[in-house]
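The following note was prepared for a colleague who wishes to review this entry point by point. Please read it alongside the coordinates.

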Amino acid sequence: MADEATSGPLLELDRITQVFSTRRGEVRAVDDVTLRLGVGEVMCLVGQSGSGKSTTAKIASGLLRPSEGVVRFEGEDILGQRRPDKSRFKRFRRAVQYVHQDPYASLNPIQDVYSTLSAPLRRHGLVKNRSQARERVAELLAQVGLTPPETFMPKFPHQMSGGQRQRVAVARALTLEPRLIIADEATSMLDVSIRIGLLGMLTKLRTELGVGFMFITHDLAMAKYFGAEGDIAVMHEGKIVEYGPTLRVIGDPQDAYTQALLEAVPEADPDLARRKRAARTAAKAANADGAPASGAPAA
Ligand SMILES: Nc1ncnc2c1ncn2[C@@H]1O[C@H](COP(=O)(O)OP(=O)(O)OP(=O)(O)O)[C@@H](O)[C@H]1O
């Protein structure tokens, strides 16, 4: 949060609540959530399915208007509760881009890569003619590691792998030169090695272009890998139950739910494996002393 001291946060969710009315009654998907993200920073939003991550992500990217609370971008209330300011909202929507977990669902199946990337460039007047558009599309493809770009420009979504499609989705998010990308489980549908490659590419974008990231995942190991330099917010039943520097939260979780999430991480990460062993040993020691271990069934 270094940037905040000088210029304030880039994006701020202030006491956001989202209630959905369903046939079974009201669902409080997000409950009084406050988050802050500075320029070029990374934040991981972690929690199990149904904890409210996607709803928070959609509110943070302006795709959904919350039932309550304020969304500030560069210090300005972009929802303008009383007098909506359309140009301010447009600026915000350009600056904050949402990348969906399933590129098949978000990419147009009958549009090739060139059209997918050149359309927003033209629509927003970022290129003047076809040669400028080709040049910029080639640059975007190189930035997301799809090289040589000419090979990828004529391809349709079904002609690419899942990892390549997700890279195109990231390139499309980059067309409008965003300041923040909200990646909603953007790697969850990919195999581990492809996922690691994609995370490496996103990390490069973060360091080279200074783009901030809100990275949504159910997997603490992914959060540790991608968000080690930033903050982590752990969500449970619509609330933030733990929020702080990623390595501190993972290294010394204070909340029982965070500890349970940590327990669920596969042993592949040696640091986490060590921590899990230590937690189990501590629980056993507590048991031996007569105190019931947390979560142990009542005798
Ligand atoms: N449009 C909607 N209408 C009604 N209920 C909704 C709607 N969107 C989400 N919900 C409910 O809100 C809660 C939080 O959902 P959300 O998708 O935000 O969680 P999540 O943590 O992103 O889960 P997942 O990882 O499965 O997407 C869930 O109970 C969900 O069923």
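Which element contributes the largest share of the shell around the ligand? The numbered points below begin with that matter.

1. Ligand shell. H2 supplies the largest share of the shell around the ligand, namely 3 residues. The model under review is predicted. In it, 13 residues surround the ligand, and the closest are Phe-20, Ala-29, Ser-49, Ser-54 and Thr-55. Two or more residues of this shell are given by each of strand E1 (11-22), strand E2 (25-37) and helix H2 (53-60). Sorted by class, the shell holds 9 polar, 3 nonpolar and 1 charged residues.

2. Overall content. The protein chain comprises 13 helices and 10 strands. It has 299 residues, of which 38% count as buried. Among contacts in the protein chain with a separation of 6 or more, 66% involve residues 24 or more positions apart.

3. Strands of a sheet pair through backbone hydrogen bonds, in either a parallel or an antiparallel manner. Here 4 strands form an open sheet in the order E2-E1-E4-E5, with antiparallel pairing. E2 and E5 are the edge strands, since each of them pairs on one side only. Helix H2 lies across E1, E2 and E4, and runs at about 120° to E1.

4. The antiparallel pairing of E1 with strand E4 (residues 68-73) extends over 5 bridges. Within it, Thr-17 stands opposite Glu-68 of E4. E4 is joined in turn to strand E5 (residues 76-77) by 2 bridges, again in the antiparallel sense. The partners across this second pairing are Phe-73 with Glu-76, and Arg-72 with Asp-77.

5. The E4-E5 hairpin. E4 and E5 form a hairpin with 2 residues between them. Glu-74 lies in the loop between these strands, and its phi is near 50°, a positive value in a residue other than glycine.

6. Backbone geometry worth checking. Most residues other than glycine have a negative phi, and most peptide bonds are trans. Arg-15 has a positive phi of about 50° although it is not a glycine; Arg-15 lies in strand E1. With 12 other C-beta atoms within 10 Å, Arg-15 is exposed. Separately, the peptide bond from Thr-147 to Pro-148 is cis, with omega near -10°. Pro-148 is located in the loop between H6 and helix H7 (149-152).

7. Glu-139 belongs to helix H6 (residues 130-143). Glu-139 is partly exposed because it has 13 other C-beta atoms within 10 Å, a count above the limit of 12 or fewer that applies to exposed residues. The C-alpha atoms of Glu-139 and Pro-149 are separated by 7.9 Å, and the two residues are 10 apart along the chain.

8. In soluble globular proteins, nonpolar side chains tend to be buried together. The largest nonpolar core in this model has 67 residues, of which Leu-45, Val-46, Leu-180, Ile-182, Met-214 and Phe-215 touch the most other members. Helix H8 (residues 162-174) gives the most to this core, with 6 residues. Leaving aside residues up to four places away in sequence, Met-214 touches Leu-37, Met-43, Leu-45, Ala-57, Ala-60, Leu-180 and Ile-182.

9. Helix H10. Why is helix H10 (residues 220-227) described as largely enclosed by the rest of the structure? The description holds because 7 of the 8 residues of H10 are buried. Those buried residues are Leu-220, Met-222, Ala-223, Lys-224, Tyr-225, Phe-226 and Gly-227.

Conventions
Residues numbered from 1 in each chain as written. Predicted model: local features only at pLDDT ≥ 70, side-chain atom pairs only at ≥ 80, totals over all residues. Buried ≥ 20, exposed ≤ 12 C-beta atoms within 10 Å, placed from the backbone. Near = placed C-beta within 6 Å. Nonpolar A, V, L, I, M, F, W, Y, C, P; charged D, E, K, R; others polar. Pairing = 2+ DSSP bridges. Core = buried A, V, L, I, M, F, W, Y, C linked by C-beta atoms within 7 Å. Contact = placed C-beta atoms within 7 Å. Axes fitted to C-alpha atoms, helices over the stretch in contact; angles between N-to-C directions.
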